[in-house]
Amino acid sequence: MATRQTQGLARLMRAPAIILLFIWMIVPLCMTLYYSFLNYNLLNPGMTSWAGWFNYQYFYSDPAFFEAIGNTLILVLGVLFITVVLGIAIAMLIDKPIFGQGIVRILVISPFFVMPPVAALIWKNMIMHPSYGVLADVARFLGVQPVDWFAQYPLFSIILIVAWQWLPFATLILLTSLQSLDTEQMEAAEMDGAPAYSRFLYLVLPHMARAITVVILIQTIFLLGIYAEILVTTNGGPGTASTNLTFLIYRAARLNFDIGGAAAGGIIAVILANIVAVFLMRAVGRNLD
Amino acid sequence: MGQITLQGVTKRFGEVEVIPPLDLTIEDGEFVVFVGPSGCGKSTLLRLIAGLEDVSAGDILIDGKNATDASPARRGLAMVFQSYALYPHMSVRKNIAFPLKMAGVSKPEQDRRIEAAAKALNLTSYLDRRPGQLSGGQRQRVAIGRAIVREPSAFLFDEPLSNLDAALRVGMRLEISELHNRLKTTMIYVTHDQVEAMTMADKIVVLQAGRIEQVGSPLDLYLRPKNVFVAGFIGSPRMNLFSGAAAAEYGAMTIGVRPEHIRISGQGGKWKGRVGVSEHLGSDSFFYVEDTGLAETITVRADGEVTLHHGDTVWLTPDEGKIHRFDTNGDRI
């Protein structure tokens, strides 16, 4: 099949799609790069001038910058930890044949279908609200002071909401992986005298390594850009306690109308995301071979 | 020690009785083969012995002790699966070490046993490979290695050779027989291939629909099949079975004659027919004789030098002393 002629033809046929994708990627990137070197404020759009590295210096020297990077990492790692651990547990539970399996599986998956702002608002107003949230009711029932989640533990609250949204995704991927585990292998391990936790440790976990890697990679891509949940709940606060990099850029662009500064932040975020990607591929990428 | 006794062992899946009450004793050191057509319950029976399935009724005794409710690990048996069931992410060494590690065997002792098993099975140079990098026969040997390091009281084989090609199958068959001669451990071997059963077994258990049709040595089964089913199942090519007038002549409902007990001649004999397909193997020739009026085809085994061709008219004469007779229930007379 792979003669020189067919390869050439294949390259030609692929070209339009690849060129389109390339343009799709490169034009916004170049524009962002260009804006990041301009003094460009929407309050005064006529007065654009060349800024050099000023936008980068300004963004970098923002006291919220390092806090935002820290928050971004905590958010990503926290959600990853919760979704992977709970995802494995739930996947193993719903893999067992139980009564009403179909309905249980649909229920488990359904949070994924709720749009992020809607989910965050429900959590904010109906679950975590200090006066009429469900958690406050529980606290009062137990006779303790209700927790004002978004004021006291803003970042943790957001981690909780985002983890709730991504748990179905992790569960689903891990469940399919679990279902492809050879039952004869498990039986062989049983004959070999491996108790349940050893079977989990030596057979189930290594078998799921690839699926766990996929979950981590895909979720990281999306979690680096978490924004809607922060906007509708804490609005980045109190102060900058729950501001991540994406939200910091949003603040620059939409609250300060500073297009140049926001573009510089965007470029920094892209660079940071690539650094994370390199580390991630180093750490878990070999599972994909 | 590895004496296994089944007393009234029954298995039901819901309403379906897969194995009706069944009694069987397997003596220590015996090589027992469970053989039968697919779906006859032979694998289920093996899994019941292994403890991978729960018995619905009856008892399983291992060395006289009741093991009916013991977990698979506590029974001291090792199993080789049809798919080998090797752990794909572990090296061969770790695969073989796994049961030892689980049993808490010390590291030097582990190494000693692994080396011994690897040497016995010709795996020494593959110890650091993953199962995915091995051929089918090598994987099979790793699975056997994993079983022997535990020094179990009995080995259970579940159609271990069915995934191998014909040449390798013959080789592995010899290796397993050799292993049995060396270890003198009880082995229970499940197969649907009656050639494997005949060549390896000390004792064959023929199963059909969960029932034991006959238990005996390979020659026993060959020379004195207890009923029509065993007669038809054991022996390759199959025994010729006729009913009707030809059988009535011998005072039976059905008679059976093995292909090697029929003389074929171009001049004259008892039954007249026409040669259909003929297979010349050199040492033997098989003729499928048609139009005899007795059965669709009659298989005849003759000397390699007999040359008859498609369409030739021939006469067949059975060896009167070697005719098997069966009554209306299909039982041997």
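Q: Which residue stands opposite Ile204(B)?
A: In this predicted model, Ile204(B) faces Gly216(B), which lies in β10(B). Strands are DSSP runs of E with at least two residues, helices runs of H or I with at least four, both numbered from the N terminus.

Q: How many bridges join β9 to β10 in chain B?
A: Strand β9 (residues 203–208) of chain B is joined to β10(B) by 5 bridges, and the two run antiparallel. Two strands pair if DSSP finds at least two bridges between them.

Q: What sheet do they form?
A: An open sheet of 6 strands in chain B, ordered β6-β7-β8-β3-β9-β10, with mixed pairing.

Q: Which are the edge strands?
A: β6 and β10 (211–216) of chain B; each pairs on one side only.

Q: Other topic. How many residues of chain B are in contact with chain A?
A: 15 residues of chain B, against 13 residues of chain A. Contact means C-beta atoms, placed from the backbone, within 7 Å.

Q: Which elements of chain B give two or more residues to that side?
A: β6 (77–80) and α2 (92–102) of chain B. α2(B) gives the most, with 3 residues.

Q: And the domains of chain B?
A: Domain 1 covers 4–230 and domain 2 covers 238–326; such bounds come from an automatic or database domain assignment. Their centres, taken over C-alpha atoms, are 38 Å apart.

Q: How are residues and chains labelled?
A: Residues are numbered from 1 along each chain as its sequence is written, while chains are lettered from A and ligands numbered from 1 in the order written. As the model is predicted, local features need pLDDT of at least 70 and side-chain atom pairs count only at pLDDT 80 or more, while totals for chains, interfaces and linings use all residues.

Note on methods. Contact = placed C-beta atoms within 7 Å.
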